[in-house]
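Please read them with the coordinates open.

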Amino acid sequence: MWPLDLPASAVLKLPGETDIAWAMFDWQWYLRSNPRAAADAGGADPATVLGYYLEQGQVLGHSPSAMFDEAWHRLRYPPIGARIVAGEWRSAFDAYCRRGALDRSPHWLFDEPGYRERYPDLTDDILTSLGICNGYDHYLRHGAQEDRIGHVLFDPAIYLAHFDPADVAAIRADGVFQHYLNRIESPEPELRTSIYFDPAWYLRRYPEVAREIQAKRWKCALHHYLCNDTPSAFDPLAGFSESWYLQRDPGLLGVVAAGNFRNGYAHFLRFGVGELRPPSATIDLAWYAAQPSVRADLEQGRATDAFAHWLTIGANGGLASSKPESERLTETQASHLFRQTAAAMLPIAGRFGYGFACSQSPAISVVMVVRDGFATTLATIASLHCNAPSDTELIIVDHGSADETRSIEQYVSGAQVIRFDDDLSWSGAADAGWQVARASAVLFLSAAATVAPGSIQRALSRLAADGSIGVVGGMILQPHGVIAEAGGIVWNNGATHGYQRGASPRDPEVNFVREVDFCGADFLLARTALLAQLDGFDHLCPTSHAAADLCLRIAQAGSRVVYDPSVMVMLGDAANSGAPNDHFQRKHATLLAERHPPGGPVQVFARHAGAKPHRVLFIEDTVPLRRIGSGFVRANDLVRVLASLGCAVTVFPVNGCGHDLAHVFGDMPDSVEVLHNSGLDRLAGLLRARAGYHDTIWLARTHNLACTRPILARLQAQGTLTARIVLDTEAITPQREAMAADRAGLPYDLPAAMRSILTDAEICRQTVAVTAAEADTLRGFGFPSVHVVGHTVEPNPTPLPFEQRSGMLFVGAIHNQDSPNFDSLVWLVEAVLPLVEAELKWETRLTIAGYTAPGIDLTHFGQHRRISLRGPLADLSSLYDSHRIFVAPTRYAAGAPFKVLEAASRGLPVVATELLRGQLDWRSGQEILAADADDARSFAACIVTLHRDPGLWRTIRDGALQRLRREYSEEQFSRSVAAVLRRDPQAQNLSGARTVPSDRP
């Protein structure tokens, strides 16, 4: 890497005098580009021309070669121009040589940060070992020849496809990128360089650009697109509409205006494609990506993403880019359908009506403000009737209806109806409603809504379970099924915004409980006492701000406003965000000053309200579900405890998540953000978009450190990543690999493997081990600040006595055929089971349960007359209760054997290898029975003895349960996790009570 702060005069050399590709002065190109230079320099000698450039050309703003664009670089990085004027640097190229090459792009068609991010194999160490100073140097020397992409709009493979195969080798040898830059200065026609930019379409679409290129003001269409002064005024190709994309998310306008992205297309290619945002009105990317043929192509790698698939395969193949009109439901159509359905239900209401008789102290009071809309009001009441508690008080406030709503008592019995002849404001009508409410909680409900089953009861339960909560709101859907609001944000200009408006209700960002600025009035559950204390709504606030104003005042009074995604309501009509309001701004001026400005990446900060929680990014192989075992149970416990400590936890699966979303959300705490649609390729983008958001990165497993380190280290060096990184080893993998190699008779350099992990761990501030013994090992190798966080296992013994049990139970997840569990199972069945059967005869029975990865075939075990295969089970209680012995014949492993702890917690005595006994530091004959992993006869003897001896069985059962109570309680586990976080200065209070003013990025 670039080691020194050197001026251009020390770096720029003539060809053959330097190995740095971009530091070669192209004197011939320079003279062609600056015709007067030869005369001014006093000759065309290469050394003379170089000297002229260094003394005069830099000052005049010349570029030293086609590889560096001086004018563009100054525009791209404005502070450089100011420092040149101040005399600190002679030119942008001079600034680039003075360490600017590390993180700034030299040319409009090369993206230095993007190149390093796209190819994490290009670590600083690798580049240094190759004598390469930065990403651009690598790209010019090797990358383009290897078809690596240095800019999203220049793909060497696509460029070279235009040429005769016989010429490609020569172009590669001379430099693909260099060839392109030379070509665009010639009269040759422009060639396409990317699927993401169509120069021919661009020039047809913008003929004025073609005229400017002809007049030599631009080199080509791509040059104009990437360098013009109004980047949001031009579309790159037929499949993307700049204006449409930006109008879909008004917040993006501010982000682009702030310079975070050149235009909407830059945002789309960086984030929008992965989020499946539609690029134009005619392409529904989420729908397109879900089509079976497209999904199959993406899984097989025929295209990198859904948009690329459309551009390269779908458009040419005649595939539909969005749902056919006959199937597509627009927002307007959905609203119309809601009204039609409501009208169709009117005969039911007329014949049977809806009853809301309640006690003097109802469970809930529901206030509906209505004005006309008779059919939709009754449809909402029907939905409420199906979903509300039986003891529900319904209060209908009618302010000026002219339709059949005036006679609504004929159809709804037991409801209180309050009528006003005038059209009051919504807040005035709502105040009239709650003031007659008898319940301790009031739900304000839209008069045109469908309530999802169980939503009201879940909202009530959350309010009742936590006295600090004053308001509960939920996920509000627009008529056509996308998000209207997933918790509300108040911006510093007084505007209100529904978080993730327009997103899918399945998206991770909307599916976790959190404290918010406000919840909308379409479903707002509040404590009646708080409404009375604060005198209800402010009638001077418009409807769009009434709920926000109330929620802000409730928060100022010391209660929390909570968004719960399990509470869901679909509106019959669209809901809009609120523009700034003068009264609201004046009233909350002090509070608004601490809020975020509207739009863009800051939403991730603004989506949280209240005291700033400690934000933890938990990185694992996949979403850690308990059902898949293999250390994921402990990871699941870690996530659960982090959440219980008040942390805002985000789970990031490096290898993606192949599990059904019902399993994912069912096995994760509801306050945890689970990025189930992410993977390693999105990590850098996530961390850039959330710069400064996460306080701690809890990185599970050393192999995940190895694959994420290039990304994390680079972002640390750039100052983008400031979070403290904690390496949770989960198990010292090299120790397990060394044992496996020893069994196979293969060499293994354990110290070298440990040193490799230690090198990766240089970016970490702390290391976590699962046992004290492994912690000592890590300290011995010099790992930073080692802390022990073991397992949590609460005793819950199954009740059947010894005499009513029989057989052996093996439980273990098998993710691949070289896993310790698979090896131990083979040894158990082939070496141990015959010896057990010789003693126990017909009593011999082995049950095998646990997750088995796709491609792992256990059928040959199932064909054994003494073996039953049960596979993955959601609940193992019946197996733990019916079997007499748990067997753990593991012959190589690291960490601590959770399966042994879990079996013991269910009251099932364990026969294990000495290896596992030693990891637990348990005593054979008191908490466990153990035999050497190479002694099948002793292992079988332990099984037989324990199977026949009720006294020994009870001794081991009771001893293990006592050990678990003493060493593996949840309280102990929670203290260990909290101790790790307390070493972070940002984690002063893990209860969420620490007050932090503003965390604007």
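1. Two strands are taken to pair if DSSP finds at least two bridges between them. On that basis β25 pairs with strand β26 (residues 910–913) over three bridges, in the parallel sense.

2. On strand β22 (residues 808–811), two bridges join it to β25, and the two run parallel. Here M808 has I885 of β25 as its bridge partner.

3. The coordinates are a predicted model. Mean pLDDT for the protein chain is 90, with 97% of its residues at 70 or more. Where pLDDT is low, the predicted coordinates should not be read in detail.

4. An open sheet has seven strands with parallel pairing, in the order β17-β16-β15-β18-β19-β20-β21. The edge positions belong to β17 (673–674) and β21 (786–788); each has a single partner strand, so one side of each has no neighbour in the sheet.

5. Within this sheet, strand β15 (residues 615–620) and strand β16 (residues 648–653) are joined by six bridges in the parallel sense. F618 is placed opposite V651 of β16.

6. Which helices lie across these strands? One of them is α33 (residues 632–644), which lies across β15, β16, β18 (696–700), β19 (724–728) and β20 (766–769). Helix α33 runs at about 170° to β15. Another is α36 (residues 702–718), lying across β15, β18 and β19 and running at about 150° to β18.

7. Two packed helices are described by the angle between their axes and the distance between the axes. For helix α45 (residues 936–948) and helix α46 (residues 950–967), the angle is about 100° and the axes are 5 Å apart. That angle makes α45 roughly perpendicular to α46, because 65 to 115 degrees is the range for that term.

8. What makes the contact between α45 and α46? From α45 come T945, L946 and R948; from α46 come P950, L952, W953 and I956. By class, the contact of α45 with α46 has five nonpolar residues, one polar and one charged.

Notes:
Residues are numbered from 1 along each chain as its sequence is written. This is a predicted model: local features need pLDDT of at least 70, side-chain atom pairs count only at pLDDT 80 or more; totals for chains, interfaces and linings use all residues. Side-chain values use heavy atoms; hydrogens and water are left out. Axes are lines fitted to C-alpha atoms, for helices over the stretch in contact, and angles run from 0 to 180 degrees between N-to-C directions. Helices (H or I, at least four residues) and strands (E, at least two) are DSSP runs, numbered from the N terminus. Angles under 35 degrees count as roughly parallel, over 145 as roughly antiparallel, 65 to 115 as roughly perpendicular and the rest as oblique. Contact means heavy atoms within 4.5 Å. Ala, Val, Leu, Ile, Met, Phe, Trp, Tyr, Cys and Pro count as nonpolar, Asp, Glu, Lys and Arg as charged, and the others, Gly among them, as polar. pLDDT is the predictor's confidence in each residue, from 0 to 100.
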